[in-house]
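Open the model in your viewer and get ready to click through it stop by stop. Each stop says what to select and what you'll find there.

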Amino acid sequence: MKKTFLFLLALPALAGCMSSVNSVEPAQPTVTAQAVVDKRVVTDPDLDNVAHIIGVYTSTGPEGFLRVELQVQNLMHAPRSFTYRFEWKDQNGMTIDLPTSTTIPVTLQGRETTALVTMAPTPLAKDFRVTFFPSK
Amino acid sequence: MRKLVLTFLPAVCAALLAGCGTDAHYVNASGNQLVTTVEQVNIQDFANAADAMTASLIDREINTGDLRSGVPGDKALLAISLIKNETGEQFDTDLLVKKIRVALLQTGKIYATTTGGFGGPEDPVAAANQTTARRPDYTLSGKIIETRAQSGDLRQSAFVFQLSLTSAGNGVAVWEDEKTIVKQGTRPAVGF
């Protein structure tokens with residue numbers, strides 16, 4: 001009886017820890033981005049629940065720079081954080097070293113979807129890899 | 001027995017405390033193991049802001065083919081103008097600007113001058129030996145602003161990086177962007 005009472009007392013506090021979002025968008029999108037068939041290596045299932053990749057999209061501008069967008073969703077019902085880093089490769093598959101290369105922190109509310117967008121540093125960048133890290 | 005314990009206790013404590021310390025070691029400058037402080041702009045904040053600004057400049061000005069050079073067939077020339085530090089911390093704004101300049105040079109679409117810019121030539125030897133002078137096509141200027149807030153023990157610092165790319169010929173800003181980095185932390189119960 002005592003345990004049940006204590007559990008019921010804790011419920012409101014627990015509910016405050018969970019905050020997820022609602023969203024709305026056109027049922028029939030007027031434009032569709034070019035999706036990329038991606039290869040995923042998941043070694044941390046918990047991180048995959050926080051930063052779950054819905055899709056990878058690319059486009060190329062008039063001057064040949066690649067634009068990449070990752071649609072990422074937090075599958076949990078509470079806010080969660082992670083960091084990510086883009087790496088670029090040229091047409092020979094060699095990594096392009098950048099002074100601006102860094103891990104970028106992101107915080108998503110529960111069930112929130114966001115777009116991680118970046119531009120290739122040079123028209124010679126033809127390929128990329130995104131690495132996700134759990135938040136410290 | 002008690003005397004024996006009291007005799008060796010300080011030595012044992014000293015040995016344990018020495019073992020608790022962390023030896024100096026290298027960390028990846030672009031990794032996620034860097035120290036994050038609330039009241040300072042950390043090295044990863046400069047990289048984060050530079051990355052966002054460069055991506056924006058490439059997306060809206062370079063990739064669209066809108067960058068124009070005063071010399072037909074040649075790349076556009078960029079000069080660095082005034083970048084104001086309006087935070088409470090003293091740092092060299094090159095921690096931001098140099099990253100952006102290197103990244104822009106890597107695009108292959110733009111040159112940067114080291115003999116003309118705010119504060120005089122960055123390379124005085126090159127300036128002294130310069131035989132031809134080319135006026136820059138664009139200048140990069142900006143400001144870094146800090147705002148602080150506190151709620152109880154929770155402290156928050158927001159660093160706003162603002163940059164503008166101006167067409168030097170007519171003084172028109174052809175690109176502008178702003179990146180805000182917000183950090184929160186709690187003040188420790190003991191200490192500063």
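A residue counts as buried if 20 or more other C-beta atoms lie within 10 Å of its own, exposed if 12 or fewer, and partly exposed in between, with C-beta atoms placed from the backbone. By that rule, 26% of the 192 residues of chain B are buried.

Two bits of housekeeping. This is a predicted model, where local features need pLDDT of at least 70 and side-chain atom pairs count only at pLDDT 80 or more, while totals for chains, interfaces and linings use all residues. Residues are numbered from 1 along each chain as its sequence is written, and chains are lettered from A and ligands numbered from 1 in the order in which they are written.

**Stop 1: chain B as a whole**

Select chain B and colour it by secondary structure. Helices (H or I, at least four residues) and strands (E, at least two) are DSSP runs, numbered from the N terminus.

Now zoom out. The C-alpha atoms of chain B fill a box of roughly 90 × 40 × 30 Å along the principal axes.

**Stop 2**

Select the five strands of chain B. They make an open, mixed sheet in the order β2-β1-β3-β4-β5. Two strands pair if DSSP finds at least two bridges between them. The edges are β2(B) and β5(B) (172-186), each pairing on one side only. Neighbouring strands are turned by 25° against each other on average, direction ignored.

Walk across it pair by pair:

- β1(B) and β3(B) run parallel, joined by seven bridges. Pick Lys84(B) and you'll see Lys143(B) of β3(B) opposite.
- β3(B) and β4(B) run antiparallel, with 14 bridges. Here Lys143(B) stands opposite Gln162(B). In the hairpin, with two residues between the strands, look for Gly152(B) and its positive phi near 65°.
- β4(B) and β5(B) are antiparallel over 14 bridges, with Thr166(B) opposite Ala173(B). Their hairpin has four residues between the strands, and Gly171(B) takes a positive phi near 70°.

**Stop 3: helices on the sheet**

α3(B) lies across β1, β2 and β4 of chain B, at about 140° to β2(B). Angles run from 0 to 180 degrees between N-to-C directions, and axes are lines fitted to C-alpha atoms, for helices over the stretch in contact. Contact means that the C-beta atoms of two residues, placed from the backbone, lie within 7 Å.

**Stop 4: the main core**

Which residues have the most contacts inside the largest nonpolar core? Select Ala50(B), Met53(B) and Leu78(B); the core has 41 residues in total. A nonpolar core is a set of buried Ala, Val, Leu, Ile, Met, Phe, Trp, Tyr and Cys residues joined through C-beta atoms within 7 Å. β4 (80-90) of chain A supplies at least two residues, as do several chain B elements, including α2 (43-62) and α3 (94-106). The largest share, 10 residues, comes from α2(B).

Centre on Ala50(B). Leaving out residues up to four places away in sequence, it touches Thr100(A), Leu96(B), Lys99(B), Ile100(B) and Ala103(B). Apart from this core lies another, of seven residues, among them Leu70(A), Val72(A), Phe82(A) and Phe132(A).

**Stop 5: where the chains meet**

Show both chains. The contact takes 23 residues from chain B and 21 residues from chain A. On the chain B side, α2 and α3 are the elements giving two or more residues, and α2(B) has the largest share, 10 residues. That side divides into seven nonpolar, 12 polar and four charged residues. In this count Ala, Val, Leu, Ile, Met, Phe, Trp, Tyr, Cys and Pro are nonpolar, Asp, Glu, Lys and Arg charged, and the others, Gly among them, polar.

**Stop 6: strands in chain A**

Finally, select β2 (residues 52-60) and β3 (residues 66-73) of chain A, which pair antiparallel over eight bridges. Gly55(A) stands opposite Gln71(A). In their hairpin, with five residues between the strands, Gly64(A) has a positive phi near 90°.
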